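Please read each point alongside the sequence and the coordinates.

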Amino acid sequence: NVQVDIKQPPTGTVEEQNQILENLVSQGYDAIAVSVIAPKDQTTMLNTVAGKTKLITFDSDAAESSRLLYVGTINYEAGKALGDEIVKLLPNGGKMAVFVGTLSADNAKERLRGVEDSIKGHNIEIVERREDQTDRAKARRNVEDVLNARPDVTLVCGLWSYNGPAISDALEGSGKKGSVHAAVFDEEDGTLKGIQSGTIAVTVVQHPFDMGYRSAKWMHELASNFDQAKGKIPANKIDNTGIEVIKKDNVAGFQQ
């Protein structure tokens with residue numbers, strides 16, 4: 001007798017997500033798991049929700065809010081892992097561009113912070129940071145615009161899942177495959193195909209199934225036996241789902 005509903009903001013805005021949260025609370029949902037778009041801007045709303053139901057975050061956290069638990073990747077560590085790979089791709093340094101839906105999201109911010117810390121001291125400079133507001137067509141256009149305007153860019157980096165395929169398509173379409181490296185996140189089909197073809201050098205993948213599975217499990221336990229479930233929450237209030245680094249030599253095994 002468990003009903004799990006999935007809601008997605010049509011255009012990915014904070015206002016849309018806040019409205020969804022308000023609606024769920026008013027409809028009496030026993031627990032809510034949310035991938036937060038803009039943690040700082042939404043803390044007040046999240047605290048209101050947390051005061052009325054069992055609230056957890058997944059994929060993108062809001063650590064300053066009253067959420068009970070975060071389920072997902074430790075995005076800073078994921079960013080550092082990708083940054084280490086970028087250093088290998090640019091051993092003599094270089095200029096790079098970063099693409100994402102919105103830099104205000106916790107997962108984007110923490111991944112970028114990890115990348116920046118890893119490339120520090122290696123003569124690698126981030127010269128472009130482009131947002132697409134989850135518009136996939138714009139995600140590709142952003143890459144194309146940078147490739148055309150900045151011939152000095154030798155590596156492009158995508159922080160969100162759909163940025164990988166957008167980067168792969170843009171590199172193929174512009175004829176820059178092989179001359180511009182690509183380092184991305186997540187495991188969309190277009191990303192894995194890009195790795196197989198050599199268009200993308202590396203991706204750091206999460207475990208999205210585990211995020212969904214564990215989030216649903218935590219919500220059910222918190223809603224049905226709160227005291228017992230609360231006692232299982234780790235001291236740091238993070239259920240880390242881990243990462244893997246995927247390149248051409250292990251992509252086939254990963255897909256299988």
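**Notes on the predicted model**

1. Strand β7 (residues 181-185) is largely enclosed by the rest of the structure, because four of its five residues are buried. Buried denotes under 20% relative accessible area, exposed over 50%, and partly exposed in between (1.4 Å probe, protein chains only). Helices (H or I, at least four residues) and strands (E, at least two) are DSSP runs, numbered from the N terminus.

2. On provenance, the model is predicted: local features need pLDDT of at least 70 and side-chain atom pairs count only at pLDDT 80 or more, whereas totals for chains, interfaces and linings use all residues. Residues are numbered from 1 along each chain as its sequence is written, and side-chain values use heavy atoms, with hydrogens and water left out.

3. Strand β7 pairs in the parallel sense with strand β6 (residues 153-158), over four bridges. Within this pairing, Cys157 has Ala183 of β7 as its bridge partner. Two strands are taken to pair if DSSP finds at least two bridges between them.

4. An open sheet of four strands runs in the order β1-β2-β3-β9, with parallel pairing. Its edge strands, β1 (31-34) and β9 (238-240), each pair on one side only. Neighbouring strands of the sheet are turned by 20° against each other on average, direction ignored; the axes are lines fitted to C-alpha atoms, for helices over the stretch in contact, and angles run from 0 to 180 degrees between N-to-C directions. Four parallel bridges join β1 to strand β2 (residues 54-58), and Ile32 has Leu55 as its bridge partner in β2.

5. How many aromatic pairs does a search of the whole structure find? The search finds two. Trp160 and Tyr162 form an edge-to-face pair, since their ring centres are 6.4 Å apart and their planes lie at 75°. Trp160 counts as buried at 15% relative accessibility, and Tyr162 is buried with a relative accessible area of 9%. The rings of Phe209 and Tyr213 are stacked, because their centres are 6.0 Å apart and their planes are at 20°. Phe209 and Tyr213 both belong to helix α8 (residues 208-224), four residues apart, about one turn of the helix, and both are exposed. The criterion is that rings of Phe, Tyr and Trp (its six-membered ring) pair if their centres lie within 6.5 Å; planes under 30 degrees apart count as stacked, over 60 as edge-to-face and the rest as tilted.

6. The charged end of Lys54 sits over the ring of Phe226, 5.2 Å from its centre. Arg111 lies over the face of Phe185, at 4.7 Å from the ring centre. A charge sits over a ring if NZ of Lys or CZ of Arg is within 6 Å of the ring centre and within 35 degrees of the ring normal.

7. Thr134, in the loop between β5 (124-131) and α5, has a phi near 65°, a positive value in a residue other than glycine; at 35% relative accessibility, Thr134 counts as partly exposed. Lys237, in the loop between α9 (226-230) and β9, has a positive phi of about 60° although it is not a glycine; at 40% relative accessibility, Lys237 counts as partly exposed.

8. Asn142 is placed in helix α5 (residues 136-149) and counts as buried at 7% relative accessibility.
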